[in-house]
Amino acid sequence: MEEVCYLRNGGEGALVDFVSGHSGQYAEVHAHAAACADCQRFIAEQAALWAALDADSAPEVAADFDRRLYAQLESVDGENWWQRTWRQMAGSAMSGFGRPVAALSLAVALIIGVAIMRQPPTPASAPVAADRPASLQAVNDIDQIEETLEDLEMLSLFANAPRSL
Amino acid sequence: MNPAAILEPDAQLMLQVRAGDSAAFADLLMRHRKGIVNFVYRMVRNQGVAEELAQEVFLRVYRSRASYEPTAKFTTWLYRIATHLTLNWIRDHAKDSRQETIDRDSVDGAPVYLRDSSPNAEQTLVKESGNAEIRSAVDALPDKQRIAVLMHKYQDMEYSQIAGVLNCSNSAVKSLLFRAYESLRARLAHLA
């Protein structure tokens, strides 16, 4: 069977693909070129051109390319690009484990706030304990102990309550 | 909807951008920033202009996100936008370039590389005279041939993708490339 020459039969594309490394018929072209001077010459010239084109390098992209682009994107959206990205990231975190953590943080903040509000005011002009009579001081101490016990009792109720989360 | 396109990572990211995910746009930018800037640079030979045009390409992608449908490869769409913008820029500035060429040629007759005026690029051109000749040969190709060569050689795009960008058949792309490489081989034979 007579071998078909790529160059003489409009198969230059196959030879170009062979050089560029994208040939689907690499072995066939290689075998043919070994015996065909015309195709061999074409391949050599194309390979030289291919290598020469490699020398046409492009400069690196400027470091502030993205920053400039995002600045323009802000004018498209009317919103700060980074803020929006942060909001989306925060939003996705809140949809996962972040939600119970946030709820717990809020509860802790509320408890601390209530505790601070429940503390009796201590004005600078308030009389010091040493100035009071001893009997009045003892009554005050008993009241404080009772109050503390009531608080502990209330906390124990919370501690034994079933978990809702 | 094309099922093959759904599997393409770029198309997936673009669908996420359409859904309002700005982080997906950052991923797309990271994947294609260099390719687009380099492609445009080789068309206009000016880094500043190339980056401005590349920014406009990504802006258009972002503005079009709401109407995006993954009917074709994302890169085909992206490079079609880049090609359109770049050719428009070249046409708008062709008269200026021609005038500058005439002015410079009348002074010293030396080869002129007018599209890039930045000092770094000029130094590079002086340093690499062979490179300059290659650039000149590529720049001298007709627009479609040049685009086909740049996409085939530097962007590693398949014939079908190039055909999609240039809105022609695969065989037309092969023909464009063959003629372009033939011209380049003839013009740059002495460099081999």
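Where does B:Asn167 lie in chain B? B:Asn167 is in the loop between α9 and α10 of chain B, and the report returns to this residue at the end.

## Basis of the model

This is a predicted model, in which local features need pLDDT of at least 70 and side-chain atom pairs count only at pLDDT 80 or more, while totals for chains, interfaces and linings use all residues. Residues are numbered from 1 along each chain as its sequence is written, and chains are lettered from A and ligands numbered from 1 in the order in which they are written.

## The two chains

Chain A has 7 helices and 0 strands, and chain B has 10 helices and 0 strands. Helices (H or I, at least four residues) and strands (E, at least two) are DSSP runs, numbered from the N terminus.

Of the 165 residues in chain A, 13% are buried; of the 192 residues in chain B, 36% are buried. A residue is buried if 20 or more other C-beta atoms lie within 10 Å of its own, exposed if 12 or fewer, and partly exposed in between, with C-beta atoms placed from the backbone. Two residues are in contact if their C-beta atoms, placed from the backbone, lie within 7 Å. Among contacts in chain A between residues at least 6 apart in sequence, 47% join residues at least 24 apart. In chain B, residues 24 or more positions apart account for 62% of the contacts with a separation of 6 or more.

## Where the chains meet

In the interface, 26 residues of chain A are in contact with 35 residues of chain B. On the side of chain A that touches chain B, α1 (12-20), α3, α4 (65-77) and α5 (81-94) each supply at least two residues. The largest share, 7 residues, comes from α4(A). By type, this side of chain A divides into 15 nonpolar, 5 polar and 6 charged residues. Here Ala, Val, Leu, Ile, Met, Phe, Trp, Tyr, Cys and Pro count as nonpolar, Asp, Glu, Lys and Arg as charged, and the others, Gly among them, as polar.

The buried residues of α1(A) are A:Glu12, A:Ala14, A:Leu15, A:Val16, A:Phe18 and A:Val19. Their cover includes α2 (26-35) and α3 of chain A together with α10 of chain B. After α1(A) comes A:Gly21, which has a positive phi near 85°.

## Helix α7 of chain B

Helix α7 of chain B spans residues 129-139, and its buried residues are B:Ile134, B:Arg135, B:Ala137 and B:Val138. These residues cover an arc of only 160° around the axis, which puts them on the same side of α7(B). The arc is that of the directions from the helix axis to the C-beta atoms. The buried residues of α7(B) pack against α3 (37-54) of chain A, and also against α8 (143-154) and α10 (170-187) of chain B.

## Helices α3 and α4 of chain B

Two packed helices are described by the angle between their axes and the distance between the axes. For α3(B) and α4(B) (residues 47-63), the angle is about 140° and the axes are 8 Å apart. Axes are lines fitted to C-alpha atoms, for helices over the stretch in contact, and angles run from 0 to 180 degrees between N-to-C directions. The two helices are therefore oblique to each other; angles under 35 degrees count as roughly parallel, over 145 as roughly antiparallel, 65 to 115 as roughly perpendicular and the rest as oblique. The residues of this contact divide into 14 nonpolar, 1 polar and 1 charged.

B:Met43 is found in helix α3 (residues 22-44) of chain B. B:Met43 counts as buried because it has 25 C-beta neighbours inside 10 Å. Leaving aside residues up to four places away in sequence, B:Met43 touches B:Thr86, B:Ile90 and B:Leu150. B:Met43 and B:Leu150 are 107 residues apart along the chain, and their C-alpha atoms are separated by 8.4 Å.

## Two loop residues with positive phi

Most residues other than glycine have a negative phi, and most peptide bonds are trans. B:Asp156 is not a glycine, yet its phi is positive, about 55°. B:Asp156 is placed in the loop between α8 and α9 (159-166) of chain B, and counts as exposed because it has 12 C-beta neighbours inside 10 Å.

B:Asn167 is also not a glycine and has a positive phi of about 55°. With 9 C-beta neighbours inside 10 Å, B:Asn167 counts as exposed.
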